[in-house]
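Work through the exercises below with the coordinates open. Each task is followed by a stepwise solution.

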Number of protein chains: 2
Amino acid sequence: MKLIESVKEFSGFLNRYEHESEACNCTMTFSVFLPKEAEGAIVPTLYWLSGLTCTDDNVRTKAGMQRYAAEHGIALVFPDTSPRGEGVADVAERYDLGQGAGFYVNATEGEWVKHYQMYDYAVNELPNLLEDNLPLKSGVRSISGHSMGGHGALICALKNPDKYQSVSAFAPICNPIECGWGQGCFGAYLGDNKNDWQQFDATELVKTGNKMPHILIDQGLADEFYDELLSENFEKACADSSQALELRMQEGYDHSYHFISTFIGEHVAYHAKAMRAE
Amino acid sequence: MKLIESVKEFSGFLNRYEHESEACNCTMTFSVFLPKEAEGAIVPTLYWLSGLTCTDDNVRTKAGMQRYAAEHGIALVFPDTSPRGEGVADVAERYDLGQGAGFYVNATEGEWVKHYQMYDYAVNELPNLLEDNLPLKSGVRSISGHSMGGHGALICALKNPDKYQSVSAFAPICNPIECGWGQGCFGAYLGDNKNDWQQFDATELVKTGNKMPHILIDQGLADEFYDELLSENFEKACADSSQALELRMQEGYDHSYHFISTFIGEHVAYHAKAMRAE
C-alpha cells in the first residue's frame, strides 16, 4: 500500500492510500484516520462504509467523525464504495449500479464478477492488509455506515460476529431484496435466483439466525429515501429473532451528512466502548 | 430574503437563503445555522467569512462548526465570498480575482465598482437584513474567517469595534498590501494608489491605531500558503501598538478545513463567551 496524502487533524493524521486489491482486481483507494495514540501503540479500528455515489472522501470531509475518534483514541477506516477504473464494468447513466455502487456483495454474474467483490474486500482483504501495515489492534474492529454502507455494515457484522465487536448504521438499506435499489443491484450482481440474494440482506440474515450482541441504528423521519430503507422490516425481524436492536427514529432529520454529523459522536462512543472492552 | 433550503442538524436548522443585495447589485446566497434556542428566543450571531474560491457551502459542509454553535446556543452566518452571476465582472482563468475572490473590500475601479462592495455587504447590509428578519440579537455579533475571510474578519472588526464583540481568524491574509494575492486584487479593485489600500489591510489598521479588545489567530506551520499570509508582520504591528493578540502557531497543520475543524470548537467557545458577556 502506498501513502498518497497525509493531513494533520485533531493531533492525528488523516492519510490516504492506494493499493492493488486482489479481491477487486484493480487499484483501490481508501483513507485512514490515525489518532495520536497510534504513534506509540496499537489502537482499535472503526470501519465506515459509505453510501451510493460516495468515495472515501465524503465521510472524511463531511461527517465530523475524526474529532470523536481522536477523543476516544481509535482509528477510522474509510474504504471506497466499489472497484474503479477504466477496465471496471460500469453503467454510466446509473448512480445506483456499477462504480460507486458496489453494494458490498461478491458478484457472481457476467461482467461484474472480475472486480465487484466488495464483501471480501471489506471483510477480509482490507482489514488484514491494514492490521499488517498500520498500528491497528489485530481483530479489534467495529463497523458502521450510511445507506448502502449501512446495509454493508449490517451484513458484514451479522455474517461475521466473531470479526466485529459492534455494529451500527445510519439510514441503512435494511431489506435490499424488497426495495428498488437493492433489487436493481442484486439482480445484476447476483443473478435472477432470489435465494442467492438473501445472504447479503440484513433482514433475511436476522430471520435465519445470524446475530450480533446489539445493533444501533439512527433513521431520520424526514429521510427522502425512507421508502427504500425498510427499517420496519428489520425491526420486526429483530423482534421475532430476539436480536437486540436500538432503532432511533429521529424526527425531522433527512438522509444527508448533516444528519450523520448530528449523531456520529454517539456512534463513535458506542463502538469505542465495545472495542475497549476487548 | 427567500428560504431556498432547510436541513435539520444538531436539533437546529441549517438554512440557505437568497436575496437581492443593494450593496452588491445582484442576487446573493448565504446560509444561516439557527440553534434550537432560536425557536423561542433571540440568539447571538457569529459571522464566518470564507476564503478564495469558496461559497457559503464549504464551511457549512466541512468545518464541523454547527455542532459547537448548537452547544453554545448561537447562530452562524455564512456569506458568499463575492457577488456572482452572469452580469458580474470576473476573470475566468483566475481563482484569486473576481467571482469567489471579493476580498471584503469596496471596489472603486472600473468594471468592479457596480457589484464588488463586499465590505459594505458583510458589515452593514447582511447583518441588518438578518437582525430584521431572523431571531438574532440585535448588535450582538462576532466574526471569524479563513484565509481571505480571515483577512475580512480582521478588517471588519478592526474598523468597527463597536459592531463586534470579538474577532478571530484561521490562517488570515494578515498584510494583503505586501503579498501577491492582496496586491493582485487590491490593484484591480482599488486602483494604483497604495494609500487607498491601507484601509483594508489588518496590519496597517493596527499600525494606525484601530483596535479590538483581543484577537485570536490560529496559523498552521505546514500551511502551503504560509508566505502569502505574513502573520509575523501582524504580530509585530500588534506588539508595537499594544493590541492584545493570541497568535497560535500550530505545528504540522496545513491550510485546509481539516486544520479549521481541529480548532474551530475553541474559536466558537471564544466568541460565545464574548457575546454572552453582552
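**Exercise 1. Aromatic pairs**

How many aromatic pairs does a search of the whole structure find over all chains?

Solution. The model is a predicted one. The search over all chains finds 26 aromatic pairs. Take one of them, Y253(B) with F263(B). The ring centres are 5.0 Å apart, and the planes make 70 degrees. Angles over 60 degrees count as edge-to-face, so this pair is edge-to-face. Next, place the residues. Y253(B) sits in the loop between strand 9 (245-250) and helix 9 of chain B, while F263(B) belongs to helix 9 of chain B. The pair therefore ties together parts 10 residues apart in sequence. Both Y253(B) and F263(B) are buried.

**Exercise 2. Helix packing**

Determine how helix 2 of chain B and helix 9 of chain B pack.

Solution. Start with the geometry. Helix 2 (residues 65-72) and helix 9 (residues 257-276) of chain B pack at about 30 degrees, with axes 9 Å apart. Angles under 35 degrees count as roughly parallel, so helix 2 of chain B is roughly parallel to helix 9 of chain B. Their crossing is right-handed.

Now list the contacts. Helix 2 of chain B contributes M65(B), Y68(B), A69(B) and H72(B). From helix 9 of chain B come I264(B), G265(B), V268(B), A269(B), A272(B) and R276(B). The residues of this contact divide into 7 nonpolar, 2 polar and 1 charged.

**Exercise 3. Positive phi**

Locate S242(A) and T53(B), and classify each as buried or exposed.

Solution. Phi of S242(A) is near 55 degrees, a positive value in a residue other than glycine. S242(A) lies in the loop between helix 8 (231-240) and strand 9 (245-250) of chain A. Its relative accessibility is 60%, so S242(A) counts as exposed.

Phi of T53(B) is near 80 degrees, again positive in a residue other than glycine. T53(B) is found in the loop between strand 4 (43-49) and helix 1 (57-62) of chain B. At 52% relative accessibility, T53(B) counts as exposed.

**Exercise 4. A loop alanine**

Describe the surroundings of A38(A).

Solution. A38(A) lies in the loop between strand 3 (26-34) and strand 4 (43-49) of chain A. Its relative accessible area is 11%, so A38(A) is buried. Leaving out residues up to four places away in sequence, A38(A) touches V43(A) and P135(A). Finally, compare sequence with space. A38(A) and L136(A) are 98 residues apart in sequence, with a C-alpha to C-alpha distance of 7.7 Å.

How values were computed. Residues are numbered from 1 along each chain as its sequence is written. Chains are lettered from A and ligands numbered from 1 in the order in which they are written. This is a predicted model: local features need pLDDT of at least 70, side-chain atom pairs count only at pLDDT 80 or more; totals for chains, interfaces and linings use all residues. Side-chain values use heavy atoms; hydrogens and water are left out. Helices (H or I, at least four residues) and strands (E, at least two) are DSSP runs, numbered from the N terminus. Buried means under 20% relative accessible area, exposed over 50%, partly exposed in between (1.4 Å probe, protein chains only). Contact means heavy atoms within 4.5 Å. Axes are lines fitted to C-alpha atoms, for helices over the stretch in contact, and angles run from 0 to 180 degrees between N-to-C directions. Angles under 35 degrees count as roughly parallel, over 145 as roughly antiparallel, 65 to 115 as roughly perpendicular and the rest as oblique. A crossing is left-handed if the near helix is turned anticlockwise from the far one by less than a right angle, and right-handed if clockwise. Ala, Val, Leu, Ile, Met, Phe, Trp, Tyr, Cys and Pro count as nonpolar, Asp, Glu, Lys and Arg as charged, and the others, Gly among them, as polar. Rings of Phe, Tyr and Trp (its six-membered ring) pair if their centres lie within 6.5 Å; planes under 30 degrees apart count as stacked, over 60 as edge-to-face and the rest as tilted.
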